[in-house]
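I opened this entry to note what I looked up, one topic at a time. The sequence and structure come next.

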Amino acid sequence: MSTETTSQPVPKPVDLASVSPGFSLPPQQFAAVFPFHIVFNRKLEILQIGNGLQQVYPSLSIGAPFGQHFQINRPGIQTTFESIQQHTRSLFMLESLQNGMQLKGQMVYVCEPEVIVFLGSPWITQIASLKAFGLSLKDFAIHDPIADFLFLLQAQNTALADAKKLTDQLTQQRSELRKTNQKLAAQYAVTHILAEASCFNQAIVKILEAIGHALDWQLGALWVVDGGNRSLQCQELWQANPEQYVEFTRINRQVQFASGVGLPGQVWQSGEAVWVEDLCMEHASPRSAAAHADGVHGGFALPIKHGSQVIGVMEFFSHKTCQPDDGLLEMMADIGIKIGQFVQRKQTEEALLKQIEISAGLKSILDSMGDAVLVADENEKFLVFNPAAERMFGSRAVNLKQWFQELGLCLPNCPTPWDMDHFPLKRSIRGEDVNDVEMLIHHPNAPDGLWITVTGRPLRDQHGNLKGGVIVCRDITERKQVEEKLLHDAYHDGLTGLANRALFMERLQRAIASTKQHKNHMFSVLFLDLDRFKVINDSLGHIVGDQLLIAISRRLEACLRPRDTIARLGGDEFAILLENLHDSSDAIQIAERLQKALVQPFDLNGIEIFASISIGIASSTIHYDHPQELLRDADTAMYHAKALGKSRYQIFDKTMHTRAVTLLQIETDLRRAIERQEFRLHYQPIVNLHTHQIMGFEALIRWHHPERGLISPAEFIPIAEETGLIIPIDLWLLREACHQMRHWQMQLPQATHFTISVNISGKQFSQPNLIEQVKHILRETGLDACCLKLEITESVLVANADIAIRMLQQLQALGIQLSIDDFGTGYSSLSYLHRFPMNTLKIDRSFTKSIGADPKKLGIIKTVVSLAQNLGMDVIAEGVETSEQVSQLKVLNCTSAQGFFFSKPLDEKTAQGLISKEPQIEVSTPVNGLVNA
């Protein structure tokens with residue numbers, strides 16, 4: 001808190017820093033408050049003398065021993081540093097050994113630098129003593145209680161002199177004199193209490209009691225402002241007779257006053273002292289009833305101010321009604337001012353003591369900080385350059401300009417050095433706020449550079465004038481390294497170190513944009529996929545697979561130009577962006593170079609591995625808008641290359657995309673076809689070549705698309721196998737075929753011994769529950785197992801021979817007949833053939849159609865028929881279309897055949913008609929695809 005003060009000339013302050021380096025106090029405040037102070041060290045050597053004391057004691061000099069000039073008039077305290085230190089913050093009385101002047105005040109111990117500060121003033125009780133020491137009241141500190149006391153003494157002497165001159169009026173003025181003495185006694189008591197008290201709370205209790213006794217008041221109270229509730233609350237109460245005013249005391253402790261309400265509230269609002277003749281007559285007051293009950297009547301209240309702000313209210317009450325006394329109010333107002341000044345002085349003392357403590361603490365904090373702190377004045381001279389700054393910048397500096405020229409500072413993301421005018425400390429000295437500016441530092445101790453972030457603020461005095469600037473610098477090198485790694489990892493493949501999909505797509509987008517701006521800018525995208533990489537992973541393990549991917553990445557990189565971008569998109573897929581091409585042949589040459597680079601085997605820890613790639617090429621000549629479209633088309637071309645035999649490249653054309661879209665649509669429609677039951681079965685008869693009898697039928701699936709009509713199995717079966725839809729399709733086909741054959745057997749006696757042949761896909765054959773599914777369908781349809789013949793391609797059987805054999809044995813154990821379908825087109829491994837428990841071997845149509853034109857094919861068929869007969873198998877020739885083929889097959893002892901020569905696949909009604917007409921087919925000219933019975 002602060003108070004209003006009268007203006008007094010302030011003696012010039014002494015700079016303690018000039019006497020003892022590192023010891024610093026605000027000199028103007030110090031000199032104004034303590035003109036009679038003394039500072040001495042542990043050796044009791046005097047380090048500093050207040051201006052007022054130096055005036056009284058001119059022979060007292062810096063460095064003089066304290067004990068040769070002063071003695072301590074206090075029992076139990078010796079004139080030693082340790083003894084004085086133990087009693088610091090207590091009152092001391094010093095007596096000059098030269099002129100006998102006494103100084104009364106407080107000793108304060110300061111730890112760094114280690115000194116004791118005596119804060120006091122002359123203890124003089126008579127005005128005449130001032131002249132004896134060559135002093136006047138102006139030489140005292142602002143609001144010094146002694147000076148106030150001397151003023152009071154002077155006033156008392158004047159009053160006594162006037163009293164002697166007015167002896168004739170002594171009787172009339174005796175009462176006034178008594179009141180004046182009471183006021184003086186109250187003022188003296190207050191002044192003495194304030195001089196002795198160490199804090200406000202200690203002083204106020206004594207002041208209430210002293211004023212009450214001096215002015216013959218029975219009650220005193222202190223009300224303080226509660227900032228949170230914006231009300232006055234009673235903090236202290238004094239009573240001359242505690243037992244007499246119980247109710248009034250209780251109400252005071254409970255009630256709160258808002259501004260303008262009650263006696264305390266009126267004083268708070270007006271800032272002026274207020275008199276009340278009889279509180280019992282103040283019926284609106286919440287205390288009037290308690291006042292009436294306890295006999296409380298007259299009273300007054302005065303404000304306690306901090307400057308112009310009311311911080312509290314003091315009030316006093318009597319058991320008698322009282323007439324207003326302006327003199328008393330004026331005196332009490334003065335006391336209120338003195339109390340406010342006391343509060344201000346104590347706050348100043350506390351602030352000074354705290355500043356001494358903070359100075360040492362601040363240096364310790366700065367020294368222990370990990371961040372660099374630099375403070376410079378308005379002349380660019382460094383005031384603070386803490387140890388962290390020395391470590392960060394590699395040296396200590398005195399002047400900003402010289403230091404800046406010696407230091408290597410660079411702008412972020414470029415090698416350009418900083419301009420000094422834009423340096424953060426320079427900007428803060430100019431008055432700017434600087435926030436999170438990044439810089440790169442180079443010096444001998446940091447050859448790779450340090451990244452720092454800088455925050456700065458200007459320094460201003462209490463009037464807002466610029467006095468310098470401060471910056472705080474934090475080392476963010478580790479964070480920058482982490483950010484760079486995260487950025488690199490975000491755009492690069494973790495295994496190979498190549499660019500990843502995100503970076504590749506970003507550069508591809510940039511290439512497309514460049515093409516739109518520069519019509520002659522041409523580029524191509526190569527989509528690469530390793531051939532049979534899954535086999536390597538499954539056989540040698542993923543660790544070897546990863547090593548192979550890394551080795552392949554290095555070879556591919558070596559084939560490219562520095563400006564080309566190669567990325568690993570995932571798994572065994574890579575993409576390459578070739579820019580600045582002259583024509584499409586450049587991309588072809590690079591593709592051939594890449595394939596040639598992989599011809600040589602890879603040696604991975606003694607394991608020799610051969611690898612090849614299929615490449616799809618898409619060029620910017622098609623004019624793309626989005627990178628995803630270009631990468632999609634390159635991927636499509638790559639799959640065409642794989643379909644054409646792998647280890648080759650294929651250039652994309654728009655028909656590939658059209659076909660891809662068509663296949664996607666087929667897949668979508670295929671899923672719906674299962675739900676909508678759009679599939680139909682056609683049945684092709686299998687005929688005995690010697691008896692011309694129908695032996696059974698092969699069930700062939702057909703798809704009747706609601707928009708496209710009949711779709712060939714060759715078009716949708718591969719898609720079904722790739723998507724896994726073949727499994728529910730196979731089950732539906734098997735159930736439907738068994739159901740139809742059982743229906744024919746029950747309706748037509750000729751079909752009693754017919755068999756129905758059903759193709760089983762590789763995916764269906766690998767299902768672990770296939771046996772249970774077949775059993776369930778046979779039970780559901782009622783078809784005898786011996787009438788069901790399952791056809792399986794040889795490639796499916798050879799892929800995992802041991803598992804296939806166990807599966808075939810279980811099927812055969814049910815009584816089901818088994819056929820090897822399309823024999824001769826797959827592995828055709830004779831070493832496996834005798835191990836499979838098969839009933840029938842079917843010769844593929846590719847051999848049958850060239851039986852008369854190609855002697856080699858004829859020899860193969862002859863060998864196959866002979867092999868099957870030796871293994872106890874039947875032979876069925878597929879795709880028979882001419883009588884010459886029939887004749888040749890008979891000569892080769894082939895037992896059965898099927899094909900358009902006999903009949904094309906028939907729907908169920910036509911097939912039933914054929915069975916019911918005659919189960920024997922004569923070999924003659926076919927009519928509408930059928931042979932006359």
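Which residues of helix H10 (residues 262–270) are buried? I found Gly262, Leu263, Pro264, Gly265, Val267 and Trp268. Buried means under 20% relative accessible area, exposed over 50%, and partly exposed in between, with a 1.4 Å probe and protein chains only. Helices (H or I, at least four residues) and strands (E, at least two) are DSSP runs, numbered from the N terminus.

**Ground rules**

I am reading a predicted model, where local features need pLDDT of at least 70, side-chain atom pairs count only at pLDDT 80 or more, and totals for chains, interfaces and linings use all residues. Residues are numbered from 1 along each chain as its sequence is written, and side-chain values use heavy atoms, with hydrogens and water left out.

**Whole chain**

I looked up the totals. The chain holds 33 helices and 36 strands. Of its 933 residues, 47% are buried. I then turned to contacts, meaning heavy atoms within 4.5 Å. Among those between residues at least 6 apart in sequence, 60% join residues at least 24 apart.

**Around H10**

Back to H10. What do its buried residues pack against? I listed strand E7 (219–226), strand E8 (231–239), strand E9 (256–257), strand E10 (274–276), strand E11 (299–306) and strand E12 (309–317). After H10 comes Gly271, with a positive phi near 75°.

I followed E12 next. Eight of its nine residues are buried, so E12 is largely enclosed by the rest of the structure. Two strands pair if DSSP finds at least two bridges between them. E7 and E12 run antiparallel and are joined by six bridges. Leu222 has Met314 in E12 as its bridge partner. E11 and E12 also run antiparallel, with eight bridges. There, Ile304 is partnered by Gly312 in E12. E11 and E12 make a hairpin with two residues between them, and Gly307 in the turn has a positive phi of about 70°.

**The six-stranded sheet**

In what order do the six strands of the open sheet stand? I read E2-E1-E6-E5-E4-E3, paired antiparallel. Strand E2 (46–49) and strand E3 (70–72) are at the edges with a single partner strand each, so one side of each has no neighbour in the sheet. From one strand to the next, the twist averages 30°. I checked one pair. Strand E1 (residues 38–41) and E2 run antiparallel and share three bridges. Ile38 is partnered by Ile49 in E2.

**Parallel pairs**

Strand E32 (residues 840–843) and strand E33 (residues 874–877) do, over four bridges. Lys842 sits opposite Ile876 in E33. E33 also pairs in the parallel sense with strand E34 (residues 896–897), over two bridges. Ala877 is opposite Ala897 in E34.

**Two crossing helices**

At what angle do the axes of H21 and H22 cross? For helix H21 (residues 627–643) and helix H22 (residues 654–676) I noted roughly 85°, with the axes coming within 10 Å. Axes are lines fitted to C-alpha atoms, for helices over the stretch in contact, and angles run from 0 to 180 degrees between N-to-C directions. H21 and H22 are therefore roughly perpendicular to each other, a term for angles of 65 to 115 degrees. Arg632, Asp633, Thr636, Ala637 and His640 of H21 meet Met656, His657, Arg659 and Ala660 of H22. By class, the contact residues of H21 with H22 are three nonpolar, three polar and three charged. Ala, Val, Leu, Ile, Met, Phe, Trp, Tyr, Cys and Pro count as nonpolar, Asp, Glu, Lys and Arg as charged, and the others, Gly among them, as polar.

**Loop residues**

Most residues other than glycine have a negative phi. I noted His623, which has a positive phi near 65°. His623 is in the loop between strand E24 (613–619) and H21. With 64% relative accessibility, His623 counts as exposed. Asn893 is not a glycine either, yet has a positive phi of about 65°. Asn893 is in the loop between helix H32 (883–891) and E34. Its relative accessible area is 45%, so Asn893 is partly exposed.

Is Ser850 buried or exposed? Ser850 counts as buried, at 15% relative accessibility. Ser850 lies in the loop between helix H30 (845–848) and helix H31 (855–870). Its side chain reaches the backbone oxygen of Ser846 at 3.4 Å.

Technical notes. A polar contact is a pair of N or O atoms within 3.5 Å; within protein, one must be able to donate a hydrogen and the other to accept it, and residues adjacent in sequence count only if both atoms are side-chain atoms. Angles under 35 degrees count as roughly parallel, over 145 as roughly antiparallel, 65 to 115 as roughly perpendicular and the rest as oblique.
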